[in-house]
Amino acid sequence: QDEVWVLAHSAEPGAIDNASGVAVCVEIARVIEGLIAEGLLPRPRRSIRLLNGYECYSFFHYLENARRLQTPLAGVCLDTLGAKPELCDGRLSWRATIPMSAGFVARVGEAILRATLRLDNPYRLFLGPFVSTSDTLVGDPKYGFPCPWLTTHYRKKGVYDAYHTSADTLKLLSPAGLAACAAAMAGYLYYLADAG
């Protein structure tokens, strides 16, 4: 049960928040399994578990009640991804895990995101400190695993205009932005899942 986890929210009605997170999870699985099937990557030492559930509270219930031999090594919260650059001021934010957990994962993710974003993509990377929300508290040491947050939620001021409204539709998503997020997080998760 040595695992790396990905958390996305499947019960929110918006395209950006958070069908995008679930879509990126599907693409991460497709990319990693495809590379393994082609013989370009070995199967990693650890499992990568893609968890999609009701925003945050279903994860807390699972963590508190499911029997496991150990908690995950690390994880990532994929919430509100792939917004068109004009909606998020071109910001792809990588928010640190809660300070009391192992911060090395934030540095690993930053390095992989920077490498990905040097390729053709619509975003600039913005690093940020931990933000306490019901989504990010899953990284609390009570549960035992560090969990940064990747998002296009933030603008220079405020959040994207359609946040939590029926205007959050597919036309607000950037295919290139979703692809960049999926590629970077596939690399991040595979690196942690295969680390010695």
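Visitor: Leaving aside neighbours within four places in sequence, which residues is Asn 18 in contact with?
Guide: Keep in mind that this is a predicted model. Asn 18 sits in the loop between β1 (3–9) and α1. Skipping neighbours within four places in sequence, its contacts are Ala 8, His 9, Glu 12, Leu 78, Asp 79 and Thr 80.

Visitor: Is Asn 18 buried or exposed?
Guide: Look at its relative accessible area, which is 0%. Buried means under 20%, so Asn 18 counts as buried.

Visitor: What kinds of residues make up the contact of α1 with α5?
Guide: From α1, Val 24, Ile 28 and Val 31 are among those taking part, and they meet α5 residues including Leu 178, Met 185 and Leu 189. Sorted by type, the contact has one charged residue, one polar and eleven nonpolar.

Visitor: Which element supplies the largest share of the largest nonpolar core?
Guide: This core has 44 residues, and Met 185 is one of those touching the most other members, along with Leu 78, Trp 94, Leu 150 and Tyr 188. Elements giving at least two residues each include β1, α1, β3 (74–78) and α4 (104–117). The largest share is twelve residues, and the element supplying them is α5.

Key
Residues numbered from 1 in each chain as written. Predicted model: local features only at pLDDT ≥ 70, side-chain atom pairs only at ≥ 80, totals over all residues. Heavy atoms only, no water. Contact = heavy atoms within 4.5 Å. Helix = DSSP H or I, 4+ residues; strand = E, 2+ residues; numbered from the N terminus. Nonpolar A, V, L, I, M, F, W, Y, C, P; charged D, E, K, R; others polar. Buried < 20%, exposed > 50% of the residue type's maximum accessible area, 1.4 Å probe, protein only. Core = buried A, V, L, I, M, F, W, Y, C linked by side-chain atoms within 4.5 Å.
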